[in-house]
Amino acid sequence: MSLSADYMRQRILKLVWPVVMEGFGVMLVGVVTTAMVGQFGAVSLSAVGLSTMVQAASSIIFAAAGTGAAAIVAREAGAGNWEAVRSVAGQGVLLGLVLGTALGVIGFVAAPYLFLVTSADASVAHLAGELLRITFVTTPLFLAMAVANNVLRAIGLTRLTFYLTAINNVLAILLGYGLIFGVAGQPLGAYGAAWTACLTQASGGLLAIGALAAVRQIGLRWRHVFIIRRDYIARIVAISLPAGLEQLAMQGGRIAFTFMLAGVGATQFAAHQIALQVESISFMPGFGFSVAAMALVGQHLGRGLPHRAVQYAALTNRIAALSMTMMGVMFFFFARPLTALFVNDPEVIYWGAQCVMIAAFEQPTIAITYTLGGAMRGAGDTRWPMYVTTTGVWLVRLPLIYLFIVLWQYDVTAAWVITALDFLVRSLILWRRFTSTKWQ
């Protein structure tokens, strides 16, 4: 049976828009929390930023268990094997809880020492370590939430995950206001932000697991979680391990990139940070198209329709590239006012606008990288996205950053040109892999 392009486009966009809105909600919480903590000074703001970066980076690596679970669930759901979907979802949640417990214990013990090796001010390093210990307490539920949400997206329930995240975001803002500015008149400041993150991680995990139990197609029960199925765990780990290594390469590269870029000076580094905030707007549509490609490819391969999976992946890629190219045009022509939304320092605005204008040119390649990477993960081919990310970050971006920024002391715009080159290389490799059809 042939499908019209309009019908396929509607299915894609129906999956994409809730993911994009979910991302905007999470970003809004981050902005509001940053504004509230900023009232307590630079030390509190820097400490919250450092602790959040480390906790998020480490958790994302282990949350890759959700990638394997989602890839299998998409296929099994496409084939109508709902008992297998339940078992995979349950074992994925179990993996999240186990990995989260291990990470939480290690992080809780190591947190006070992590920032001593950085060049951060002693007061910032000490406070960041204490905040990190708090946020690691509920890491098991955070990882369970990541797995559960990925499973829900894999069967097409992106609207449900948007609602769940929206509820948690409202709770985060309310709790954040109450804890940061005071309980019974006693403000907790940065500690309030850490406890808010801790509590909302717990509530998010419980909400997501509850949704797996309530959704009729899944109907998760405790036996699906706590009766160990080694065959399903092995399948999840086999697909998740490359995805975890990909995140390790990406997050490790991100930290190394940040440390090397610190040498450009306070003004240009501040401009870089603001440009990242502006560009992060485009990452949300990119992630949305990645999720849509993953779900649709996995479901149609499960139904024994590989040609349809290719059609959906190709159409999703075209829509993503067009959408993000339009966003790049907006970045290029409105770089200065977008940067000025975050700061009023003329020099910071100048450098920030230069970076945003360069970022405009990498939007099409980011779209291709996100979308085709998602399609391959939906097919269970998580190795190639890992190879591509590792190549782009560690063999292209970081060596060139070291040469141009650390050794030759170019300004911050060189780092953004190099990043654009990184995404170009990644998109070309992924496109070649996609057209080979071996990823199916």
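Helices (H or I, at least four residues) and strands (E, at least two) are DSSP runs, numbered from the N terminus. The model is predicted: local features need pLDDT of at least 70, side-chain atom pairs count only at pLDDT 80 or more, and totals for chains, interfaces and linings use all residues. Residues are numbered from 1 along each chain as its sequence is written, and side-chain values use heavy atoms, with hydrogens and water left out.

A pocket is, on a 1 Å grid over the protein atoms alone, an open set of points with protein on both sides within 12 Å along at least five of seven lines, and its lining residues have an atom within 4 Å of a point. The second largest pocket has a volume of about 350 Å³, that is, the space filled by probe spheres (1.4 Å) set on the points. Its lining comprises 16 residues, with Lys 14, Leu 15, Ile 155, Gly 156 and Leu 157 nearest the centre. At least two lining residues come from each of α1 (5-37), α3 (65-79) and α7 (158-181); α1 gives the most, with four.

Helix α3 also meets α11 (residues 266-302): their axes, lines fitted to C-alpha atoms over the stretch in contact, come within 6 Å and cross at roughly 45°. Contact (heavy atoms within 4.5 Å) involves, among others, Ala 70 and Arg 75 of α3 and Met 294 and Leu 301 of α11.

The table sorts both residue sets into nonpolar (Ala, Val, Leu, Ile, Met, Phe, Trp, Tyr, Cys, Pro), charged (Asp, Glu, Lys, Arg) and polar (the others, Gly among them).

| Residue set | Composition |
|---|---|
| Lining of the second largest pocket | seven nonpolar, five polar, four charged residues |
| Contact of α3 with α11 | six nonpolar, four polar, one charged residue |

Technical notes. Axes fitted to C-alpha atoms, helices over the stretch in contact; angles between N-to-C directions.
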